Amino acid sequence: MIKRWIINVIDRSGSMAHLKDTVIKEYNIFLNETKQNINDIRWTSILFNNEVNVLNDDSVVNILDLQDTDYSPVASTSLLDAIGRACRKIVDNTVNYNDIVMNIFTDGNE
């Protein structure tokens, strides 16, 4: 059986405030299209600003849509810390995956 892991690293720094509605909408579209097409996927979402937090890390079928309360852009950007956290999760992982995909959602601003 093919095992996939999708890791989403999502910028929630203050510069993303004007994109908040778009990020939530596009994340949910991607999540729901993924659920419809393939259900043997591990789905991880890591949110970052001046802090890095894991929002979810479970089978895609158990992941809920991103809500307004989950995503509030404020503070500064810690992109490298967030990528490092994602890489650490991959290194510490004990499951063999055929595919690991990392998506980074950011505007590139500090």
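Author: In this predicted model, the count of salt bridges comes to 6, where a salt bridge requires a side-chain nitrogen of Lys or Arg within 4 Å of a carboxyl oxygen of Asp or Glu. Side chains of opposite charge can pair when their charged atoms come close.

One of these pairs joins R42 and D57, whose closest N and O atoms are 2.8 Å apart. Because R42 belongs to strand β2 (residues 41-48) and D57 to strand β3 (residues 52-59), this pair ties together parts that are 15 residues apart in sequence. D57 is partly exposed, at a relative accessible area of 30%.

D57 also forms a salt bridge with K89, and here the closest N and O atoms are 2.9 Å apart. Since D57 lies in strand β3 and K89 in helix α2 (residues 79-92), the pair ties together parts that are 32 residues apart in sequence. K89 counts as partly exposed, with a relative accessibility of 21%; the cut-off for a buried residue is under 20%. Through D57, which pairs with R42 and with K89, the residues R42, D57 and K89 are linked in a network of salt bridges.

A further salt bridge is found between the side chains of R88 and D92, at 3.4 Å from N to O. In this case both residues lie in helix α2, 4 residues apart, which is about one turn of the helix. R88 is partly exposed, its relative accessibility being 46%.

The other helix to consider is α1. Helix α1 covers residues 20-37, 18 residues in total, and spans 26 Å from its first C-alpha to its last, close to the 26 Å expected at 1.5 Å a residue. Its buried residues are K20, V23, I24, Y27, N28, L31 and T34. Viewed down the axis of α1, these buried residues fall within an arc of 130 degrees, so they line one face of the helix. The cover over them includes β1 (4-11), β2 and β3. On the other side of α1, by contrast, D21, Q36 and N37 are exposed.

The two topics meet at the strands: β2 holds R42 and β3 holds D57, and both strands are among the elements that cover the buried residues of α1. From β3, D57 pairs in turn with K89 of helix α2.

Notes: Residues are numbered from 1 along each chain as its sequence is written. This is a predicted model: local features need pLDDT of at least 70, side-chain atom pairs count only at pLDDT 80 or more; totals for chains, interfaces and linings use all residues. Side-chain values use heavy atoms; hydrogens and water are left out. Buried means under 20% relative accessible area, exposed over 50%, partly exposed in between (1.4 Å probe, protein chains only). The expected span of a helix is 1.5 Å times one less than its number of residues. The arc is that of the directions from the helix axis to the C-beta atoms. Contact means heavy atoms within 4.5 Å.
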